[in-house]
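Here is a brisk tour for a first look.

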Amino acid sequence: MTGRPTPAGPDGARDTAAVSAPHPAPLRLAVVGNPGNRRVDLFTAAVRDAGLPAPRVVAWRDVLRDGGASFADDEIVRIDSAGEDKEVERILRGVSDPTRVEGGARWYRRFLAAVRSLDGGVRLDDPDDVAVLFDKRSCHRVLADAGVAVPASPTSGGAAEVRGWDDVRALMAEHRMPRVFVKPAHGSSASGVLAVETAGPGRIRATTSVELADGALHNSLRVRRYTRECVIAAIVDALAPDGLHIERWLPKASLHGRAADLRVVVVAGRATHAVVRTSRTPLTNLHLGGLRGEWAAARHAAGASWAHALDLCERAAACFPRTLCVGVDLLPSVGWRRFTVGEVNAFGDLLPRLTGLPGSGAEGEDTYAAQVAAVLRHFPDTEHPARAPAVFGAPHRWAPAAAHPLARTPDART
């Protein structure tokens, strides 16, 4: 007779439970993204490092071509960025040149339609949350209504329509805002953003990465300044049909003589990662020449206010409880004692080689590993992950005493 021996119980008898108990199947994950993109590759590596099978990759190009995609009931589905793919960008934005800034409203409509065309599976990113996160006017209103500190805005929730530069000028005067950020409502990565400052009649300056060439707007990796109002007006007038959002430009804290802000990643309701971004211009985005600052120096500068800063980011993320991970842009005021939320980003976790904050429970983990760990905590029933709550909390509400169901146990932040 061949074969493995039957396991024995503590009394030497045949252990039938050990024979009949099936080994639980591993979780099945899928990601909708652009194959070969660094985001997809980093998430795939984190899944494999956790001992799980590589996620099934569903290409945005195929979703757009086929009008949707279907997932099995037990597949846990991550929605990732559709950026950094020329063909996908062409389909979504409707422009042949991927450097073009225009087409944001068309991109928004088509991207949301693609997200809603996904059928089945257990979602880590809620379509309704994504819709709000990619409309800066709506997102500002949701945050403000939840009591999250945000810059003052005359366009919050679409309260004021911006049809062009004349409207921007009028709103700046009406709301006594001599310095504002003018942002495309559906933009990302500082695309089309202008930091506008005035100082008396005829004195105006706009800092932006937008390059105006041959009557078209292009994204540039070089930040430039425009001081002729007719040029600034032309840029704003070209952006206005896609929707614009205006916010008061708040003076930022500095670190080693450079303007500073932070990108804080919140996973399952918990602030797990933070990167300090510094710049000599109002735009601190790392791809626009911003530099990673010293986290320890920022932590020291904030002192006892650091815990408040992380709590504020978690409050902002709690407005989107049906989405596992968001990136919060946190604006420290001069002196590092007060903080304001500038934006909340649906795909704000691309911070390679950054490990978790001390005391966050994600020490030694990058942003993707922290998300995979949260998924494993939340879906212990690997054969039936859909039995876990699909909604992590009440939509767009923040209850101070409520614990996010995926969160680790709290710790002291001192």
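The protein chain folds into twelve helices and 15 strands. The model is predicted. Of its 414 residues, 54% count as buried. Among contacts with a separation of 6 or more, 64% join residues 24 or more positions apart.

**Strands**

Start with an open sheet of four strands. Its order is β2-β1-β3-β4, and the pairing is parallel. The edges are β2 (56-59) and β4 (118-123), and each of these pairs on one side only. Neighbouring strands of this sheet are turned by 50° against each other on average, direction ignored. Within the sheet, β1 (residues 28-33) and β2 pair over four bridges in the parallel sense. Ala-30 has Arg-56 in β2 as its bridge partner.

Further along come antiparallel strands. β6 (residues 194-198) and β7 (residues 204-213) are joined by five bridges. Here Val-196 stands opposite Ala-206 in β7. The two strands form a hairpin with five residues between them, and Gly-200 in the turn has a positive phi of about 90°. β7 also runs antiparallel to β8 (residues 216-226), with seven bridges joining the two. Ala-213 faces its opposite number, Ala-216, in β8. This second hairpin has two residues between the strands, and Asp-214 takes a positive phi near 55°.

**Cores**

In soluble globular proteins, nonpolar side chains tend to be buried together. The largest nonpolar core here has 61 residues. Trp-60, Phe-111, Leu-143, Val-341 and Val-344 have the most contacts inside it. Helix α11 (residues 306-317) gives the most to this core, with seven residues. What does Leu-143 touch, not counting residues up to four places away in sequence? Its partners are Val-148, Val-150, Ala-316, Cys-319, Phe-320, Val-341 and Val-344. Another core lies apart from the largest one. That core has 27 residues, including Ala-46, Leu-52, Val-267 and Cys-325.

**Charged pairs**

Side chains of opposite charge can pair when their charged atoms come close. The structure holds 29 salt bridges. Three of them are listed here.

| Salt bridge | Closest N to O distance |
|---|---|
| Asp-128 and Arg-116 | 3.1 Å |
| Glu-197 and Arg-205 | 3.0 Å |

Arg-61 lies in helix α3 (residues 60-66), and Asp-85 sits in the loop between β3 (69-79) and α4 (86-93), so the pair ties together parts that are 24 residues apart in sequence. Arg-61 is partly exposed, with a relative accessible area of 41%. Asp-85 is buried, at 16%.

Asp-128 and Arg-116 also form a salt bridge. Asp-128 belongs to helix α6 (residues 127-133) and Arg-116 to helix α5 (residues 104-116), so this pair links parts that are twelve residues apart in sequence. Both count as partly exposed: Asp-128 has a relative accessible area of 37%, and Arg-116 has 46%.

Glu-197 is buried, at 17% relative accessibility, while its partner Arg-205 is partly exposed, at 34%. Elsewhere, salt bridges that share partners join Lys-252, Asp-261, Arg-263, Arg-277 and Asp-329 into one network.

**A buried arginine**

Arg-258 lies in strand β11 (residues 258-267). This residue is buried yet has no salt bridge. How far away is the nearest side chain of opposite charge? That side chain is Asp-261, at 10 Å. Leaving aside neighbours within four places in sequence, Arg-258 is in contact with Ala-253, Thr-278, Ser-279, Arg-280, Gly-289 and Leu-291.

Methods:
Residues numbered from 1 in each chain as written. Predicted model: local features only at pLDDT ≥ 70, side-chain atom pairs only at ≥ 80, totals over all residues. Heavy atoms only, no water. Pairing = 2+ DSSP bridges. Axes fitted to C-alpha atoms, helices over the stretch in contact; angles between N-to-C directions. Core = buried A, V, L, I, M, F, W, Y, C linked by side-chain atoms within 4.5 Å. Buried < 20%, exposed > 50% of the residue type's maximum accessible area, 1.4 Å probe, protein only. Contact = heavy atoms within 4.5 Å. Lys, Arg positive; Asp, Glu negative; His and termini not counted. Salt bridge = Lys/Arg side-chain N within 4 Å of Asp/Glu carboxyl O.
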